[in-house]
Amino acid sequence: MMEASVHAYLVRLIADREAHAKFMNMLSMLEHMGSRKIMVSQMHKQETLTEDTLKHLAEEARHAYFFKRQAERAAGHALDGWTEENTTARVPALMYFGRMDAGISKEVGDDLAYYWVSLIIELRACWLYRIYQEALEASDYQLSLKSLIAEEDGHLEEMFGACGADTQRLRALSTYETELFKNSGPR
Ligand SMILES: [Fe+2]
Ligand SMILES: [Fe+2]
């Protein structure tokens, strides 16, 4: 149900160049927040920063750059920063991200927060980007998310390997995130 309505929303969005630009700028903001979140969470930990985590951080930062560049291409001009004017649903997006991060971190504790927050985000990202890619393919707009989706799939696999065995917790946290997403997403 939710998938069909998001698909319909994206099909309409892609047809409206200015709205599409603002949507991609929002994705840029969320990718940047994800990247920043990884950096901050690692700074607070006593653990050694691994190559895998650095790679993850770098890829999310690159996704933020990718969507910013694509947003500006669609807009035909610079979209500096993430403002109310140049970003779709800026406040709901910020609230969604902040609440999810805080709620999951509180539930699993600081040591596991990176893995669980990442896992839940990657599930949503892979889901959304797949629907988005399908909507793009059905449109005449030239944009492919295939390499980005491959990287998100890699993150999902890594995070699933780290904590996905706890299926009971995965179901509970996923349900929690879905409620937040529904309340902040397009209707
Ligand atoms: Fe990403
Ligand atoms: Fe990712």
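This is a predicted model: local features need pLDDT of at least 70, side-chain atom pairs count only at pLDDT 80 or more; totals for chains, interfaces and linings use all residues.
I'll start with the whole chain. The protein chain has seven helices and zero strands. If you read along the sequence, the pattern is α-α-α-α-α-α-α.

On overall dimensions, the C-alpha trace spans about 45 × 35 × 30 Å along its principal axes. For 187 residues, a compact globule would have a radius of gyration near 16 Å, and the protein chain has 16 Å, so the two agree. Buried residues make up 28% of the 187 residues. As for contacts with a separation of 6 or more, 74% of them in the protein chain are between residues 24 or more positions apart.

Now to the helix pairs. Two packed helices are described by the angle between their axes and the distance between the axes.

The pair I'll take up now is α3 and α6. Helix α3 covers residues 51-75 and helix α6 covers residues 146-163. They pack at an angle of about 150°, and their axes are 11 Å apart. The crossing of α3 past α6 is left-handed. Which residues make the contact? From α3 they are Asp52, His56, Glu59, His63 and Phe66, and from α6 they are Leu148, Glu151, His155 and Glu158. Sorted by class, this contact has four charged, three polar and two nonpolar residues.

Next come α5 and α7. Helix α5 is residues 110-138, and helix α7 is residues 167-184. Their axes come within 10 Å and cross at roughly 55°. On the α5 side the residues are Trp116, Ile120, Leu123 and Arg124; they meet Leu173, Ser174, Glu177 and Phe181 of α7. By class, the contact of α5 with α7 has five nonpolar residues, one polar and two charged.

Last, the glycine. Gly103 sits in helix α4, which is residues 90-108. Gly103 has 17 inside 10 Å, so it counts as partly exposed.

Gly103 and Glu177 are 74 residues apart in sequence, and their C-alpha atoms are 9.0 Å apart in space.

Definitions and conventions
Residues are numbered from 1 along each chain as its sequence is written. Chains are lettered from A and ligands numbered from 1 in the order in which they are written. Helices (H or I, at least four residues) and strands (E, at least two) are DSSP runs, numbered from the N terminus. The radius of gyration is taken over C-alpha atoms; the globule rule is 2.2 Å times the number of residues to the power 0.38. A residue is buried if 20 or more other C-beta atoms lie within 10 Å of its own, exposed if 12 or fewer, and partly exposed in between; C-beta atoms are placed from the backbone. Two residues are in contact if their C-beta atoms, placed from the backbone, lie within 7 Å. Axes are lines fitted to C-alpha atoms, for helices over the stretch in contact, and angles run from 0 to 180 degrees between N-to-C directions. A crossing is left-handed if the near helix is turned anticlockwise from the far one by less than a right angle, and right-handed if clockwise. Ala, Val, Leu, Ile, Met, Phe, Trp, Tyr, Cys and Pro count as nonpolar, Asp, Glu, Lys and Arg as charged, and the others, Gly among them, as polar.
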